[in-house]
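Please read the following note alongside the sequence and the model. Comments on each point are welcome.

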Amino acid sequence: MPRYSALQLLRHGVRRGQFPRAWREHEIRPRYDVVVVGGGVHGLATAYYLARNHGIRDVAVLEKGYLGGGGSGRNTAILRSNYLTPEGVRFYDRSLELYRHLATDLNFNVMFSRRGHLTLAHTDASLRTMRWRAEVNKLQGVDSEVVDAAEVARLVPPLDVSTTPRYPVLGALYHPPGGIVRHDAVVWGYARAADTLGAHLHQRTEVTGIDVEHGRVTGVRTNRGRIATPVVVNSTAGWSTLVCDMAGVRTPVQTFPLQAAVTEPVRPFLHAVVVSGTLHVYVSQTDRGELVFGGSVDPFASYSMRGSLEFAEGLAAHVLELMPALSKMRLLRQWAGLCDVTPDFSPIMGPTPVEGFLLDVGWGTYGFKAGPVSGEAMAATIATGRTPELIAAFGLDRFARGELVGEKGAAAVGH
Ligand code: PYC
């Protein structure tokens, strides 16, 4: 693949040539060293780091739809590492670190934008949780502090911080390193880089079965034929339990839709990411000027990816409580993605009782921001046969041991 550069762009402009496709189509081989199920940011990052960090290139990524068509293309692209548990903070902070350098690493502009991230506190109880998070963050070397309402008003002028609203703003957890990124570009950048390093990316390739013999994986069956392999990684979201079922592995995961919406573009006025857990709203402004909003997960387990009027109405009411000046903004579209929620709101990563069948699932509403570090950690697990320290707390066996990693307190999203 040619490197993208200003010179390349100029050459193409002068020659009026077509840019080569960002990744290639391949015939499916009958065997791969590693098969990754799921062509979102997690699966593609795993393929990329397998090749780049460990020289493992005989890798297939199988995607039943199109690359990035699941959670990776449906999230609100917020990045942060201000979690509640030390394990969570360390893990998401490594992801943020990888995101910071991703454009250079992948030679692809992923439009990472450090904005500052504010989680508003409207009650004494949430202020207490913010203080707790700030202390855990600082102990892990992550920049977070609790600020008062006056500072919130300075950082985000359009917010109503008066005492008039139903839930006045008392303060916020301020996390300066937080920000946003262009989610499609992250998927395309990883796909292009993984393809360049030798991985095969197979779209419209649905896994219909996983073959297990004598307790170990031997292959996957797909709508395009069987593939023999000793290693299968489940990097799916929404369908993770169904893929686990194929290997006979049970996980304590429930799937909930999470809706989001985007407005028409307006001039830049919102320079931070703002979250209100109490009002079930989070919002940021893209580089194009659109406001991207999300709310709480739908209150029932489902595989639906449709938007609802009920969500749009609730969202509008809550947004106007926070920023009354937005009353004339128009929503352009809304959608939903699927969140696989675990009992402790932490992911499930690493080996399973079936040898060669690995998990990178259970991301709830935190999946996109964890893409790079998950790929890096899963690649290391496969290449070395050992679970890296950074993900040791997220093993499937923690549920049997009762050693949960309670991360619900760091959710931006109401549940
Ligand atoms: O955890 O920051 C978050 C988040 C925002 C939207 C979904 N999750």
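1. Basis of the note. The model is predicted: local features need pLDDT of at least 70, side-chain atom pairs count only at pLDDT 80 or more, and totals for chains, interfaces and linings use all residues. Residues are numbered from 1 along each chain as its sequence is written, and side-chain values use heavy atoms, with hydrogens and water left out.

2. The sheet. Three strands make up an open, antiparallel sheet in the order β3-β8-β4. Because β3 (78-79) and β4 (113-114) are at the edges with a single partner strand each, one side of each has no neighbour in the sheet. Strands are DSSP runs of E of at least two residues, and helices are runs of H or I of at least four, numbered from the N terminus; two strands pair if DSSP finds at least two bridges between them. Two bridges link β3 to β8 (residues 179-180), and Ile78 is opposite Ile180 in β8.

3. Cys244. This residue belongs to helix α8 (residues 240-247). Cys244 is buried, at a relative accessible area of 1%; buried means under 20%, exposed over 50% and partly exposed in between (1.4 Å probe, protein chains only). Leaving aside residues up to four places away in sequence, Cys244 touches Asn234, Val249, Thr251, Phe357 and Leu359, where contact means heavy atoms within 4.5 Å. Its C-alpha atom is 9.7 Å from that of Val361, 117 residues apart along the chain.

4. Arg192. Helix α7 (residues 183-196) contains Arg192. The side chains of Arg192 and Tyr4 are joined by a polar contact of 3.1 Å, that is, a pair of N or O atoms within 3.5 Å; within protein, one must be able to donate a hydrogen and the other to accept it, and residues adjacent in sequence count only if both atoms are side-chain atoms.
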